[in-house]
Amino acid sequence: MRWPWSSESGDRDVKRPSSWANPANAIDWEHYRDPRNVVPVVILTGATLLLSTFYRSYLKRIPQAINIGPAFWRRRSLFGRVTSVGDADNFRLFHTPGGRLAGWEWLPWRKVPETSKDLKEKTVHIRIAGIDAPEMAHFGRPSQPFSQEAYEFLKWYLLHRRVRAYVYKRDQYDRAVATVYVRRWLLRKDVGLQMLERGLAAVYEAKTGAEFGHLEAEYRSVEKRAKSKKVGMWSGKRKEFESPRDYKARHGQATQST
C-alpha cells in the first residue's frame, strides 16, 4: 500500500549498493601508465636519491677518525679547520665538508666551535704521513733537540687554518694518517715536505705501517738535501744524532706510535 503522498517513482529512486564487479569501480590503470604522470614521479624519485647520495658522500660531516668508512680511505680527502696542534707531527681537524660554498663559517648554524668543551668528540685526529718529528717531553722523558722548534713551526703553520688531508688509514691510536696541504700566500703547500725541508722532521722509518702515498721518493730527496745543508735537527754532530725512531726504541716505545 502506498501512502497518498508517495509516488511510484520514489521506490525507483532508492539507491542500492554497487557491485565491485561493476566496471565503474575498476582501477583505472591507464592513469598510472600515462607518461605525463609517470615521468615526473621517476624524476622526483631519482633526484631525491641523487641528492641523498651526494649529501652522504660530500656534505655529511665526519666527527672523528673512527667514523671514516672503509670506502673513504685512499680515495677521498677531508677539508676543515685546524683547531689544535698536539705535537710536532699531529693535530686536530674540524671537518667542514664543502667549505665556504656549503656555508661553513659564514652561515650562523655552520660555525666551527671554539672551546674545548664544544669541540669534544667532534674533531678528527690527524697524523701527518711520511714524517717523524723530534719527540717532545712526555711522561718524564726528556725532549729531543729541535722538538720545540718543530712544534712551534707546525702550530704557526697550521693552527686555525683550513687544510686538506688525503687520508690513507687509521692507526692504532684512532688517528687518520694523511698527507696534509695548506694554502700559504695563495700557494698550496705539503706540510710534511715543509718540515723535512727545514730539518724539523725526518722521513718516517718503520718496518711496517709507513705511509707516504706516492711521495716517498720526493720526501727522501728533500731530507737528503736538508742533511747536506745541516739545517734543523741535522745541524749537530752526526755521532750525537738520534732519530725520533731510535729515541722511541730506546725508551721502549713502539716505533709506530707517534
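Does Tyr-181 count as buried or partly exposed, and at what relative accessibility? In this predicted model, Tyr-181 has a relative accessibility of 16% and therefore counts as buried, since buried means under 20% relative accessible area.

The protein chain contains 8 helices and 8 strands. Of its 258 residues, 39% are buried. The accessible surface amounts to about 16800 Å², and carbon and sulfur atoms account for 55% of that surface. Where contacts join residues at least 6 apart in sequence, 66% of them link residues at least 24 apart.

One such separation in sequence can be followed from Ala-65. This residue is found in the loop between α3 (35–59) and β1 (77–87). With a relative accessible area of 2%, Ala-65 is buried. Arg-175 stands 110 residues away from Ala-65 in sequence, yet the two C-alpha atoms are 5.9 Å apart in space. Leaving aside residues up to four places away in sequence, Ala-65 touches Trp-73, Val-124, Arg-170, Asp-174, Arg-175 and Ala-176.

The loop between α3 and β1 also holds Arg-74. In contrast to the buried Ala-65, Arg-74 counts as exposed, at 53% relative accessibility. The backbone deserves attention here. Most residues other than glycine have a negative phi. Arg-74 is not a glycine, but its phi is positive, at about 65°. Phe-146, in the loop between β4 and α5, likewise is not a glycine and has a positive phi, of about 70°. Phe-146 is partly exposed, its relative accessible area being 26%.

A further loop residue is Thr-96, placed between β2 (90–95) and α4 (116–119). Thr-96 counts as buried because its relative accessibility is 1%. Its contacts, not counting residues up to four places away in sequence, are with Phe-79, Gly-80, Arg-81, Trp-104 and Val-112.

The structure holds 7 aromatic pairs. One of them joins Phe-153 and Trp-156 in a tilted arrangement, with 5.9 Å from centre to centre and 50° between the planes. Both residues belong to helix α5 (residues 147–158), where they lie 3 residues apart, about one turn of the helix. An α-helix has 3.6 residues a turn, so residues three or four places apart point the same way. Together with Tyr-157, Phe-153 and Trp-156 form one aromatic cluster.

Tyr-166 and Tyr-181 form an edge-to-face aromatic pair, 5.8 Å from centre to centre with 85° between the planes. Because Tyr-166 lies in strand β5 (residues 162–170) and Tyr-181 in strand β6, this pair ties together parts that are 15 residues apart in sequence. Tyr-166 counts as partly exposed at 29% relative accessibility, while Tyr-181 counts as buried at 16%. Tyr-181 has a charged neighbour as well: Arg-188 lies over the face of its ring, at 3.9 Å from the ring centre. Elsewhere, Arg-61 lies over the face of Phe-94, at 4.0 Å from the ring centre.

Within α7, Tyr-219, Val-222, Glu-223 and Ala-226 are buried. Viewed down the helix axis, these buried residues fall within an arc of 100°, so they line one face of α7. Ala-217, Lys-224 and Ser-228 are exposed on the other side of the helix.

What do the buried residues of α7 pack against? Their partners are the strands β4 (131–132), β6 (176–184), β7 (187–190) and β8 (202–203), together with helix α6 (191–197). Strand β6 is also the strand in which Tyr-181 lies. Just after α7, Lys-230 takes a positive phi of about 55°.

Technical notes:
Residues numbered from 1 in each chain as written. Predicted model: local features only at pLDDT ≥ 70, side-chain atom pairs only at ≥ 80, totals over all residues. Heavy atoms only, no water. Helix = DSSP H or I, 4+ residues; strand = E, 2+ residues; numbered from the N terminus. Buried < 20%, exposed > 50% of the residue type's maximum accessible area, 1.4 Å probe, protein only. Contact = heavy atoms within 4.5 Å. Areas by Shrake-Rupley, 256 points an atom, 1.4 Å probe, with all protein chains shown as cover. Arc of directions from axis to C-beta. Phe/Tyr/Trp six-rings, centres within 6.5 Å; stacked < 30°, edge-to-face > 60°. Lys NZ or Arg CZ within 6 Å of the ring centre and 35° of its normal.
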